[in-house]
Amino acid sequence: MKKKLLITLGCSFTEGVGCYDPELVAQCSDLNELKKKSLDRFHSMGWPPKLQQKIKYDKLINLGKEGTGESFHLKRFIEEFGEVNLSEEYDVLVVWMTSPPGRLSFYVDYRDWE
């Protein structure tokens, strides 16, 4: 039987931004510093790991990125998996939480914004 893989796409809600540790919030005066220190917490406490646990999937790949829109999500998915046949090893479920429609991303010097 194949392992089950969950891939999530989306913006900050998918990345998990906002799942701050209240004690860390009290210590940090700079929002960028707080986000850097909270990244592991975002990825462990956002909705993607909760969904993975609920549906009992073996592996999660969270491609959520703060401030991004659908064009970025699609480009990132293709860059990560365009040449890979994941279905040989996994049963794959992709959940895509869409962003506000006004968000667009563009390549600059053949690289996307990060």
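Select F42 first: at 2% relative accessibility, F42 counts as buried, where buried means under 20% relative accessible area, exposed over 50% and partly exposed in between (1.4 Å probe, protein chains only). The model is predicted, so local features need pLDDT of at least 70 and side-chain atom pairs count only at pLDDT 80 or more, while totals for chains, interfaces and linings use all residues. Residues are numbered from 1 along each chain as its sequence is written, and side-chain values use heavy atoms, with hydrogens and water left out.

**The aromatic pairs**

A search of the whole structure finds two aromatic pairs. Rings of Phe, Tyr and Trp (its six-membered ring) pair if their centres lie within 6.5 Å; planes under 30 degrees apart count as stacked, over 60 as edge-to-face and the rest as tilted. The ring centres of Y20 and F42 are 5.2 Å apart and the planes stand at 75°, so this pair is edge-to-face. Y20 lies in the loop between α1 and α2 (22-27) and F42 in helix α3 (residues 31-45), so the pair ties together parts that are 22 residues apart in sequence. Helices (H or I, at least four residues) and strands (E, at least two) are DSSP runs, numbered from the N terminus.

Next, select F77 and F81, whose aromatic pair is tilted, with 5.4 Å centre to centre and 55° between the planes. Being four residues apart in helix α5 (residues 70-81), F77 and F81 are separated by about one helical turn. F81 counts as buried at 11% relative accessibility, whereas F77 is partly exposed, with a relative accessible area of 25%.

Which residues does F77 contact, leaving aside its neighbours within four places in sequence? They are I7, L9, L63, G82 and V94, contact meaning heavy atoms within 4.5 Å. Draw a C-alpha to C-alpha distance from F77 to I7: the two are 9.2 Å apart in space and 70 residues apart in sequence.

Now select strand β1 (residues 3-9). Five of its seven residues are buried, so β1 is largely enclosed by the rest of the structure. β1 pairs with β3 in the parallel sense over seven bridges; two strands pair if DSSP finds at least two bridges between them. To see one of these bridges, select T8, whose partner in β3 is V95. Strand β2 (residues 59-62) also runs parallel to β1, joined to it by four bridges. On that side, select L5 and its bridge partner in β2, K59.

Follow strand β3 (residues 90-96) to W96, which counts as partly exposed at 35% relative accessibility.

**Last stop: S12**

Finally, select S12 in helix α1 (residues 12-15). Is S12 buried or exposed? At 15% relative accessibility, S12 counts as buried. Leaving aside its neighbours within four places in sequence, S12 is in contact with V17, K65, E66 and G67.
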